[in-house]
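Biologist: Could you walk me through this model, starting with one of the strands?

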Amino acid sequence: MLNHQPKLAISADFLDAFSRIPRQIQGKVNVFVEKFKKDPTSSGINYESINGRDSRLKSVRIDLSYRAIVFKPDKGNTYILLWVDNHDDAYSWAQRRVCKINPESGALQIIDIEEASAIEAEISSRRIPQIPGRFDSIPDKYLLRLGIPDELLGAVRAVVTDEDIDKLVSKLPEEAADALLMLGAGYSIEETLTAQDKNREQTIDTDNIDAALEKDDSKRRFRVVENETELLEILAAPLEKWRVFLHPSQRRLVERDWKGPVRVLGGAGTGKTVVAMHRAKWLAENRFTNSGDRILFTTFTRNLAVDIEANLRKICSPETMRRIRVENIDAWVTSFLKSEGVTTKIVYDDQVAELWEKAYECKPESPSLTLAFYQDEWREVIQANKITNLKQYLTVTRTGRGTRLNRAERAAIWVVFEEYRSLLQQKGWKEAEDAMRDACSLLQNKPGETLPFKAVIVDEAQDMSDAVFSLIRAIVPPKNDGNDIFIVGDPHQRIYGRKVVLSRCGIDIRGRSHKLRINYRTTDETRKWATMVLDGITFDDLDGEQDDLKGYRSLLHGDQPVVKGFSSFEDEMNFISTYLQQLESSGTPLSNVCIVVRTNSLVKQYASALENLNVKVREIKRTQPDNLSEQGVRIATMHRVKGLQFDYVVLASINDGILPLKSALSNTADKAAYNSLINSERSLIHVAATRAKRCVTLTYYGQSSCLIPVTKAIPLQK
Ligand SMILES: Nc1ncnc2c1ncn2[C@@H]1O[C@H](COP(=O)(O)OP(=O)(O)OP(=O)(O)O)[C@@H](O)[C@H]1O
């Protein structure tokens, strides 16, 4: 039976236009939209013809001076909100455009006809006739299938140089831009069709708007709205497009059944957290829908969990939210152990420093090793290999350790580790690794299903250890129905120094590993600079192979990162406060700016210096989501900003002695530990710089850090 109920869709462009109009007009648009959603065919809505290129684009009145542009179908019952602006600009927007179904891809596209002819003329004017077009050998039907609109085929045919491609991509629908960039980078047409999932020929009905809106490419820019509440919620945060529109490479990961665990890698800002959040929602609403079903969404850091929970609430109903538990893994373990009657306190490096000092007093005279060596050995050999007795320690392979130890030496130093473990026990403390293992064995020793979790979603996987992943496997033991584990992470952002091999934790991702490559957050300039910071380091892929940052691109462009050096702290502070004033007077609220420094004591120092200069400062807290309505420039350590983002980032105090941290460097036990520390400090800079949406500025006083590219060669030990 045909459904005659009018259907309403909204476009991403509409949200952009809506976000730019005055607040008071937005209120009027909301009133119109409510009426429109109830019945777009109502006689109370007057559709004015525009006299443009597409007679189905109509204008409707918002008030005396503002108009919305709506797609009103000739056939069918689907209406689309396309644009809103003042009268003249709205008319001129609509007169130039057509709304069409691409005859080969089937996606609905909005094409600016005048812009298409102008770009074709511009590219053709530069062309030397003897030189063949870059894409001459590709038949039209493939270009169309990749999403190039008919009207832009001429411009694509005129392309010869990379510059032509750069000019053209911003004028193309996103899917066509993705494809053209791949072709331009030298991928064959077959490779490009495969990568874009467009190998198959399809029969397309170019009049069927409903079918067109179902295509993944259409879903990047149009959303069919189910009900009034959803529509008003979308309008309430028009700039948070991630809530509504997913890139097809993201949607393909979210909305489908997976036979087993999935691993998604992607550089900073590629939407891993967005994908993970939508995956949790999709599973809760479509697969694990019983009232007792639960999904665990876990992260490494507590403040990211807090942030994610706040964001999930924006896309999930309270009922869906009730079934998704968001918690950092350490907090989850502590409460799980407590529920099992085990009271334990998870302790971290600074809390155990005293115990280490005490244990170190038991060290043998020979071999003579530093305290830092013992601590590294504990973490990287003993804990990493779950060693509990000397016999195991004598036979373990110490891969990657810089100092060799023979059997007798291992036997001699074991006493220090034994003492450290016994001191922990006396206090009733546990290192996180041990708590994970306890929880894991508790779960493994219970027959049948003990927890309500049907799936675990893991963000920040690069910082999780083997023990965490073994525990996750125990939380959702392997079953035939899949959809159990969904892991996102980026080894380039590892700042807590744990490497993991998923297959060793019982998590088999073969055939289910994917990569996101489009950076939505940082400009291409910042992305490239932050990639340069990591030059020459090799990274794993969380499963024993290598990962790299090749083939990424950013959607945005902007200024190059700026490095500013000063002779004193006071001069640096004066620069920062003037910079903040400039940003504020050009309309950027300081809540969108973050000062990022290496240590907690620098947070205190910079915060107090800024306050002395009458700048309002807010420190980012571990336990609260950042509330943008609270005024003041943000300040945090490099570790704390992981997973967060700001319009502007100032990396302050990038001084020699601070990056890498002198005290940590002087404690490194050997070459391997030294290099690993340097690399992890470089990852820290990478993480901090990639938090910036618009621009990153680095400041230092005295000598600059040797880890900033272009200032000096990075001193690794050979
Ligand atoms: N489909 C999308 N449409 C619009 N914006 C998106 C989309 N996907 C992601 N974004 C935006 O890109 C930015 C980065 O997303 P997200 O935080 O999920 O990336 P990430 O890969 O987890 O980043 P990182 O690893 O650096 O923390 C966010 O502002 C997010 O809203």
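Biologist: Is strand β6 mostly covered or open, and how many of its residues are buried?
Modeller: Strand β6, residues 108-112, is mostly covered, with four of its five residues buried, where buried means under 20% relative accessible area with a 1.4 Å probe and protein chains only; strands here are DSSP runs of E of at least two residues, and helices are runs of H or I of at least four, numbered from the N terminus. This is a predicted model, in which local features need pLDDT of at least 70, side-chain atom pairs count only at pLDDT 80 or more, and totals for chains, interfaces and linings use all residues. Residues are numbered from 1 along each chain as its sequence is written, and side-chain values use heavy atoms, with hydrogens and water left out.

Biologist: In which sense do β5 and β6 pair?
Modeller: Strand β5 (residues 97-101) pairs with β6 in the antiparallel sense over five bridges, pairing requiring at least two DSSP bridges between the strands. Ile101 stands opposite Leu108 of β6, and in the hairpin, which has six residues between the strands, Gly106 takes a positive phi near 80°.

Biologist: Switching topic, where is Thr270, and why does it count as buried?
Modeller: Thr270 lies in the loop between β8 (262-266) and α14 (272-286), and it counts as buried because its relative accessibility is 1%. Its side chain reaches the backbone oxygen of Gly267 at 2.7 Å.

Biologist: And Gly271, buried or exposed?
Modeller: Gly271, which is found in the loop between β8 and α14, is buried, with a relative accessible area of 15%.

Methods:
Buried < 20%, exposed > 50% of the residue type's maximum accessible area, 1.4 Å probe, protein only. Polar contact = N/O pair within 3.5 Å; in protein donor to acceptor, adjacent residues only side chain to side chain.
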